[in-house]
Every structure is written in structure tokens, then in C-alpha cells.
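Dear colleague,

Please find below the structure that I am handing over to you. My notes on what was found in it follow directly after.

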Amino acid sequence: MYDNSRILYDRATKVIPGGVNSPVRFFKPFPFFAASADGSRITSSDHVSYVDYCMGYGSLLLGHANLEILEAVKSQLDIGSLYCIPTEKEVILGEMIAKLIPACEMTRVVNSGMEATMNAIRLARAYTKQNKVVKFEGCYHGAHDYSLVTGDSSGNSTPSTSGIPKEFSSETIVVPFNDLDLLEEVIRKRNDICCVILEPIPANMGLVIPDKEYLNNIRKITFENNVVLIFDEVVTGFRLALGGASEFFGIRPDIATYSKSVANGFSLAAISGSRELLEQFSPSGDVYQASTYAGNPVAVTAALATISALSKGRDQIYPRMTRICDSLIDGIQEVANDRKITCKINNISSMFQLFFTQTDVRDMASAKTSNLDMFNVLFRALLEKRVFIPPSQFETCFLSYAHADEDIDKTVEAYDFAFSLMKPGE
Ligand SMILES: *Cc1c(COP(=O)(O)O)cnc(C)c1O
């Protein structure tokens with residue numbers, strides 16, 4: 001089942017560090033290599049087809065190789081792939097986002113989520129003339145120096161990777177998610193904070209759901225203390241609802257960052273927000289930010305086609321994904337109960353994750369109570385049954401509009417098989 005992948009992996013390790021171009025893609029003993037994908041399925045170089053719940057870590061909201069998106073992109077390819085001079089399509093994209101999401105008066109387009117959050121923080125620092133960033137333990141904002149930080153609420157922070165100076169991470173204060181009192185204490189006590197950045201629905205410590213009114217209260221506290229609120233909507237944007245978490249919860253952040261679902265598998269990201277903040281970017285302002293590939297016509301075309309399809313189909317697409325995800329969760333919960341497997345499943349709209357714990361998972365500390373050995377058994381067993389979920393407990397499973405009831409049946413059977421390999425009551 002893995003012969004070709006094994007050969008490719010051996011070749012890969014000779015020329016690519018660790019054999020992969022992003023570390024989360026590695027799992028033991030070696031990952032399968034992808035050959036193609038279509039709809040809800042991804043096919044390996046070993047000719048095995050899996051139901052995909054990784055879906056480009058949530059990027060492929062409309063499914064792999066979506067015809068409507070690909071047709072649009074193909075017609076753009078015929079007339080060029082990079083101009084490095086503005087295009088009408090970029091204007092239309094900015095207009096579309098502004099019309100859909102009230103908080104997004106202006107948008108600057110970049111290429112990746114990491115670029116978006118890095119520049120959002122730069123905007124907040126320039127605007128407030130303060131340096132300290134408040135982030136949440138377990139929230140991920142891309143692999144850059146401002147955000148790869150572990151620490152605590154008193155500001156004892158250290159880089160979470162080698163290669164970053166301690167001085168950089170000392171600019172970041174880390175607080176636990178879903179603890180409003182502690183956040184409020186930190187913000188009220190200090191006057192050197194430029195921004196609070198968070199995933200409104202954290203999807204990088206497994207999946208965590210914010211307490212009722214938690215996000216509203218964060219909005220209130222940041223507003224009262226002149227702290228810029230950044231919603232990192234790289235996962236939730238266009239997925240949770242067309243207008244992302246800000247629409248879903250009815251909250252207006254000062255800056256929102258988008259990437260994964262916005263262009264259905266093409267690399268485009270966006271920094272959006274109030275005119276006052278965004279106009280700080282040069283050339284209108286003095287915050288330098290630049291990129292050769294930013295707003296390239298291929299990615300912009302994909303984004304326009306994606307947002308158009310989502311706008312047209314919003315009344316079918318979102319309810320259908322939620323229904324299919326809910327029925328998947330019901331199915332998994334039922335077979336887990338039948339086999340007396342202790343677990344907690346967090347889910348919202350088209351996202352879910354299962355934790356092998358009896359503790360409600362509401363922050364990083366509780367996510368860490370999950371039994372990772374059992375998660376590894378689950379991951380391997382699902383692969384064997386041709387279901388691919390992200391290889392880490394601390395990621396989220398994603399459905400797309402292409403997932404159908406037959407995928408769900410197959411997936412529930414695969415989870416049942418996985419649970420049959422575990423000791424009940426563990
Ligand atoms: C994936 C992710 C990022 C980083 O995006 P890249 O395109 O991988 O740089 C940032 N924030 C969140 C919430 C993400 O899930």
C-alpha cells in the first residue's frame with residue numbers, strides 16, 4: 001500500500017530537509033506521497049484513494065480540483081501569470097471583500113497566512129506606537145518570529161524554535177484561551193500593548209470553541225483600552241460563514257487576516273481592516289510591506305471565482321457542510337459509545353477534532369490531556385481504511401462542500417475499526 005511512497009521518501013530525504021517542505025506533513029515512518037486529488041478524495045502515488053479531511057488544512061472548501069475555479073484559472077493562464085503592475089481583478093477582489101465583511105473597508109493581498117499576520121502586527125505596532133503583542137497559548141499565526149513564542153501572562157516568553165533571538169519573543173505575552181479574567185488583568189495592568197491576536201475558533205491545538213460571549217468581551221476590553229484586535233481568520237475566513245467569524249459572531253475586529261479558504265487551494269492571503277489602519281501601508285503611509293507575487297492574477301482569479309461561488313451558493317453550501325459534519329460527529333460518537341471509548345469531540349460548522357480524554361477541551365492545557373498514543377493508533381487505522389486526517393492531534397479535520405453522505409458512512413466505519421483496536425474505558 002506504500003511501496004512507491006517509500007521509494008519517493010528515500011529520494012526526498014536526500015534533497016529536501018526531512019523529506020518534506022512543511023514539517024506537519026511528516027509522520028512516521030514516512031508520509032504517503034500525493035499523485036492527484038478530486039472532490040473529497042486524495043490519491044497517493046501508490047494508487048490508493050483516501051477520503052481527505054486535511055483538505056489543505058482547510059483550504060479546499062469547495063473540494064479538490066473544483067471545475068468552476070479551475071476553468072477561471074485556466075483562462076487567466078492563457079493571458080499571463082504575473083504582471084507586477086495593478087489589475088482590475090485586484091480592485092474587484094478588494095471591493096468584494098469590503099461588500100461582504102463590514103470590518104474589511106480596505107484589503108492588502110499577500111501570498112500566505114504567515115505574511116498576513118506578520119504585517120497585521122506591524123500595522124498594529126505602527127498605529128499604537130506600542131510593541132507588546134498578546135497571543136494565546138495554542139493559537140498559531142504562521143511560522144514567523146513574532147508568533148513562534150511560548151510563555152506566560154507575566155511576559156516570560158521564549159522562542160518556540162531555535163533560530164529566533166530571545167529579545168524578539170520578549171515582545172509577546174502569552175495567555176491561555178478562554179480565560180477572560182486573566183486577559184483582562186493583563187490588558188488593564190499594562191499600557192505597552194499594541195494588539196491582541198487570536199484565532200476566533202482556534203484550530204491549531206485541535207479544535208477549540210470559544211466560551212459564550214468570550215469573543216464579545218475581548219472586543220469590549222480591547223476597544224476600551226485602545227488595543228488593536230486582530231482576528232486571525234486564516235482558517236475561519238469564508239469557512240465558518242461567508243463573512244468568517246466576524247459574521248458568525250457579529251464582531252468587528254480592527255484587522256482580520258485571511259488565507260486558507262479564500263482561493264480554494266491557490267496561494268493568496270489578505271490583510272483587511274479599517275481604512276485608518278490599512279492606509280498606513282506604503283505608499284499611502286509609512287509602514288513598509290511588499291511582495292513580488294502579491295496579487296498575482298492567477299491567485300486573484302482563484303479568489304474571485306471562490307468568493308463568487310460561495311456568495312452564489314451560500315444558502316446551500318454552509319448548511320449542507322454543517323449537516324454532513326454533524327452527521328459524521330453523531331456517527332463517530334455512536335461507535336465510540338458502543339465500544340466504550342472515552343473521548344471528547346469538538347465541532348463547529350465544517351470542522352471537528354476528537355480527543356482521547358474525559359476532560360472538556362477548551363484550551364491548550366486541556367487539549368494536552370488527550371492520549372496521544374491512542375491518537376496515533378487512530379491515525380494509522382484510518383489510513384489503513386483509506387481515510388486521511390491531519391497527522392497530529394493538535395490540528396483540525398476539515399470537510400468540504402464536496403464531501404457527501406457516502407464519505408461519511410465510510411469514515412464512521414473507519415473510526416469504528418480504529419476504536420476496535422483500542423482497550424475500552426482507557
Ligand atoms: C495556517 C495558518 C496560518 C499560516 O498560514 P500559512 O499560509 O501556512 O503561512 C496562520 N494562521 C492560522 C490560524 C493558520 O491556521
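**Domains and ligand**

Two salt bridges are counted between domain 1 and domain 2. Please bear in mind that this is a predicted model.

I begin with the two domains. The domain assignment places residues 3–65 together with 314–420 in domain 1, while domain 2 covers residues 67–310. Taken over C-alpha atoms, the centres of domain 1 and domain 2 are 25 Å apart.

The boundary between them can be described in several ways. In terms of residues, 33 from domain 1 are in contact with 33 from domain 2. The size of an interface is often expressed as the accessible area that is lost when the parts come together. For domain 1 and domain 2, the buried area is about 2,700 Å², and carbon and sulfur atoms give 58% of that area. Polar contacts between domain 1 and domain 2 amount to 16 residue pairs, counting pairs with both residues at pLDDT 80 or more.

A salt bridge also joins Asp211 and Arg362. The closest N and O atoms of Asp211 and Arg362 are 2.4 Å apart.

I turn now to the ligand. Which residues are found around the ligand? They are Ser112, Gly113, Met114, Tyr140, His141, Gly142, Glu199, Asn204, Asp232, Val234, Val235 and Lys260.

- Lys260: a polar side-chain atom is 2.6 Å from an oxygen atom of the ligand.
- Asp232: an N or O atom in the side chain is 2.7 Å from a nitrogen atom of the ligand.
- Tyr140: a polar backbone atom is 3.2 Å from a nitrogen atom of the ligand.

How much of the accessible area of the ligand does the protein cover? On its own, the ligand has 380 Å² of accessible area, and the protein covers 82% of it.

With kind regards

Notes
Residues are numbered from 1 along each chain as its sequence is written. This is a predicted model: local features need pLDDT of at least 70, side-chain atom pairs count only at pLDDT 80 or more; totals for chains, interfaces and linings use all residues. Side-chain values use heavy atoms; hydrogens and water are left out. A residue is near a molecule or strand if one of its heavy atoms lies within 4 Å of it. A polar contact is a pair of N or O atoms within 3.5 Å; within protein, one must be able to donate a hydrogen and the other to accept it, and residues adjacent in sequence count only if both atoms are side-chain atoms. Accessible areas come from the Shrake-Rupley method with a 1.4 Å probe; for residues, only the protein chains shown count as cover. Domain bounds come from an automatic or database domain assignment. Contact means heavy atoms within 4.5 Å. Buried area is the accessible area (1.4 Å probe) that two parts lose on being put together, summed over both. A salt bridge is a side-chain nitrogen of Lys or Arg within 4 Å of a carboxyl oxygen of Asp or Glu.
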